[in-house]
Amino acid sequence: MKTELEDLLARALESLQGTLLHTPVERSAIVVERTRDAQHGDFACNIALRLAKSAGRKPTELAAAIVAALPRSPLLARAEVAGAGFINLYLAGDAQRDALPRVFEQGERYGTSQAGAGARVLVEFVSANPTGPLHVGHGRQATYGATLAKLLQATGHDVHREYYINDAGRQVDILTVSVWVRYLQAGGIGLPFPVNGYRAGYVQGIATRLAVACGAALQRPAAAVLAGLPPDASEGEAEATAGKKKELYIDALIARMRELVGAAAYEEVLELALAAMLADIREDLAAYGVEFEQWTSERALARSGAVDCMLGRLAAQQQTYTQEGALWLRSSAFGDTEDRVLVRANGQQTYFAPDLAYHLDKRARGYARLIDVWGADHHGYIARMRAGLVALGAPGDCLEVCLMQFVSLYRGGEKVPMGKRDGQFVTLRQLREEVGNDACRLFFLMRSHEQHLDFDLELAKSRSNDNPVYYLQYAHARVASVMKQLAARGLQYDAAVALANLGALDGAHEAAVLTAISRYPELIAQAAASRAPHLLVHFLRDLAQAFHTWYNAAQFIVEDDAIRNARLALALATQQVLRNGLGLLGASAPETM
RNA sequence: GCGCCCGUAGCUCAGUUGGAUAGAGCACCUGGCUUCGAACCAGGUGGUCGGCGGUUCGAAUCCGUCCGGGCGCGCCA
C-alpha cells in the first residue's frame, strides 16, 4: 500500500521534471507516512516541503503541482495540499476495506512478511549464570528476547534462539563450595558461611539433595576445613576492605574443599549443583512459554578446543601480547577504550575469552547477524566484544546488543526491596505465580527496553479496568461472545455475504478499526526493525480501543443480512489481529473471561 | 573524572527515526446498561517536552552546554 502510493508520487514528480523540477528526485526520498490524525487523510507526504528549497518554489505551490500531476489510481479517492505544504492522501473506501479479505485469507499469518528474506539471525538472551534461580530482571530479558525473536520470524528471518550457559569459571566453584558448606552445617559441623558465598535458600535445598546422594561421605571436621585459611571479611564490612578479603577467603576455601574431598568428588558436587540449577531455570522458562533452539555450554565449548583455537588465531595474527604474566588482547586498536586480559597470570581464562570464542562460533555456524540481549549493567562490555570480533576478522556491526534497563517492583505504591546480598530478590517464578504469565508478559513488554521499568504487582493482579491486560483480552473475548449470541439467536455468519457487502462499513468508527487492521503488517515490520516489541503492545491497545468504541456505538447483530455480515466480518478480523498480536507477545487470547 | 541510558500532564509512559493543534492509561469531574458482556464507552480538567544556546521552511526528536537521576569503568562474572 505504502510503496504503491509512493510510486504514484514518484510518477507525478517525474512528469514535473524540466518544468518545476530541475534535478531528478531519488525514489528513496519519497516517503509516505500514516497520518497521526484522521483529519489529515490516511497517508501524508512531505516531499514538497523537502524539495521546495532546491526547486526555488514555495512548498504549497510545488505540492499543488504534484497533486495535479498525480496519476489516477483505484487506490486513491483524493489528494489535497494542507498545512505548510503537506500532501494528504485519502484512500478510496474499497482500498481501505481490502484489508479484510487479506486477513481472512492469511489468518494467523496476517501481518507477517518476507522482508527479512530468510536472513539467519541468532538471538542470544537470558544466559543467566546457573548459580541461582531467574529473577525479575531475567524475566524482562526473557520476555523481550522471546518476543523479538518472534517478531523477526514474522518478518521473514531465519531465527535461532540460544541460551549461553556460564557453567565454567569461578562462580560455579563458589556455588559448589556454598552447597558443601551448607551440607557440612546440616551435618552438625560448626562452620561460618563464607561472606562471598551464595546464601539464598535454594543452596540449602541442593545441600539436602547432596546429603541424600552421598550420605556423610563428604563430611569433614571444621578444624580441617578452616586450618590455615585467611580471614574472611566480616558481615557488613565496607566493600573497600571486604572485597579483597572475602575473595581470598572463598578461593582458599574452594582449594581446601578440593584437597579434602578429592577432585572426583568435587566434580560430582559441582555437577549436582549445576544440574539442579539448570533444571530449575529450564523448567521456569518452559512454564513461561520461552523456548530456545539451543543451550550452549561454556564448559563444552572449552572442552571442544574452541577457546584455545581462537587464542591461537589471535596470537598468529599478533593481536595479543603478554604483559605481567597475563595474555592481553589489543582491543584498544579496535575501538575499545583499553586492552583486555584474555588469560590471567595464574593461567585461568577470563570470562571474556570463552565468551568471545562463543561469538566466533556463532559466526562460524553461519549467522551473519548476532543479536544479544544484555542487562544494562553490561554496556561497558559491548566495545570489548566488538573489538574482539573485529580482531578476529568479523565486521564489528555484526553484533547488535539490546540493553535492558532495570526493573523495580512495586506493591501498592511501595517499592519492593530486591537486595541481592541476602538472596532477598524476587524470582521470576514467584512473579509469575503471583500475577500470571499473561500479565507478566504484557507488563514487561509495555515499556521500551531502554526505559527503566516500574512493575506494579497490585496493578498487574487487579481484575479491574485499570489493568491493560484485560483491556486487550476483553476485546478478543467480546467478539467471541457476539458470535455466541449470534448462534443463540439462530443466525449464522456468512462470509460470502459479508465480503460482497463490505461497502456497508462506511462509518467513522468502522474506518478507525479498518485503518488499525490495515496498519498491522506495517507495525510488525517496524517493531521488528527497530527491535521494539512495546510498539506492538501500544498498537493492540489502540486497536482494542477503536473496537470498543465502535462496539458501543453500533449494533452488530441487526436484521439486515448485508450489514450484519459485513459488521461481523470486521469484528472477526479485529479478533484475528488481536489473536495474532497477542500470540507474538506470548499472551493468551481467551474466548471468555 | 570518563563512558552508556534516561528526564514529556499530579503518577506511569507513548510519540511512526525532523513534520501539522505534543498523545494514552491511572487519578479527578460529568454523563451512558429493560438492547450483541459496563472487565466497556462518550465528554471534561491537566503541559515553559529539565534549563539555556545552535542547526532549518519546521525540533520533544539532531548538535553544544549546564542541571538532575540510573548504570558501568577488575588479571570478577
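Domain bounds, as used in these legends, come from an automatic or database domain assignment.

**Figure 1. Domains of chain A in the predicted model.** The assignment for chain A gives domain 1 (2-91), domain 2 (99-114 + 464-585), domain 3 (122-165 + 290-404) and domain 4 (170-279). Between the C-alpha centres of domain 1 and domain 4 the distance is 71 Å.

**Figure 2. Helix H3 and its buried face.** Helix H3 spans residues 59-69, and its buried residues are Leu 62, Ala 63, Ala 65 and Ile 66. Viewed down the axis of H3, these buried residues fall within an arc of 160 degrees, so they line one face of the helix. An α-helix has 3.6 residues a turn, so residues three or four places apart point the same way. The elements that cover the buried residues of H3 include helix H1 (2-15), helix H2 (47-55), strand S3 (76-82) and strand S4 (86-91).

**Figure 3. The second largest pocket, between domain 1 and domain 2.** Both domains give residues to the lining of this pocket, so the pocket lies between them. Its space amounts to about 1,400 Å³.

**Figure 4. Lining of the second largest pocket.** The lining consists of 45 residues, and those nearest the centre of the pocket are Arg 34, Thr 35, Arg 36, Asp 42 and Thr 515. At least two lining residues come from each of strand S1 (32-34), strand S2 (43-45), S4, helix H4 (93-97), helix H21 (508-529) and helix H22 (534-553). H21 supplies the largest share, 12 residues. Sorted by class, the lining holds 21 nonpolar, 12 polar and 12 charged residues.

Key
Residues are numbered from 1 along each chain as its sequence is written. Chains are lettered from A and ligands numbered from 1 in the order in which they are written. This is a predicted model: local features need pLDDT of at least 70, side-chain atom pairs count only at pLDDT 80 or more; totals for chains, interfaces and linings use all residues. Side-chain values use heavy atoms; hydrogens and water are left out. Buried means under 20% relative accessible area, exposed over 50%, partly exposed in between (1.4 Å probe, protein chains only). Helices (H or I, at least four residues) and strands (E, at least two) are DSSP runs, numbered from the N terminus. The arc is that of the directions from the helix axis to the C-beta atoms. Contact means heavy atoms within 4.5 Å. On a 1 Å grid over the protein atoms alone, a cavity is a set of points where a 1.4 Å probe fits but cannot get out, and a pocket is an open set with protein on both sides within 12 Å along at least five of seven lines; lining residues have an atom within 4 Å of a point. Grid points are joined across faces, edges and corners, and a volume is the space filled by probe spheres set on the points. Ala, Val, Leu, Ile, Met, Phe, Trp, Tyr, Cys and Pro count as nonpolar, Asp, Glu, Lys and Arg as charged, and the others, Gly among them, as polar.
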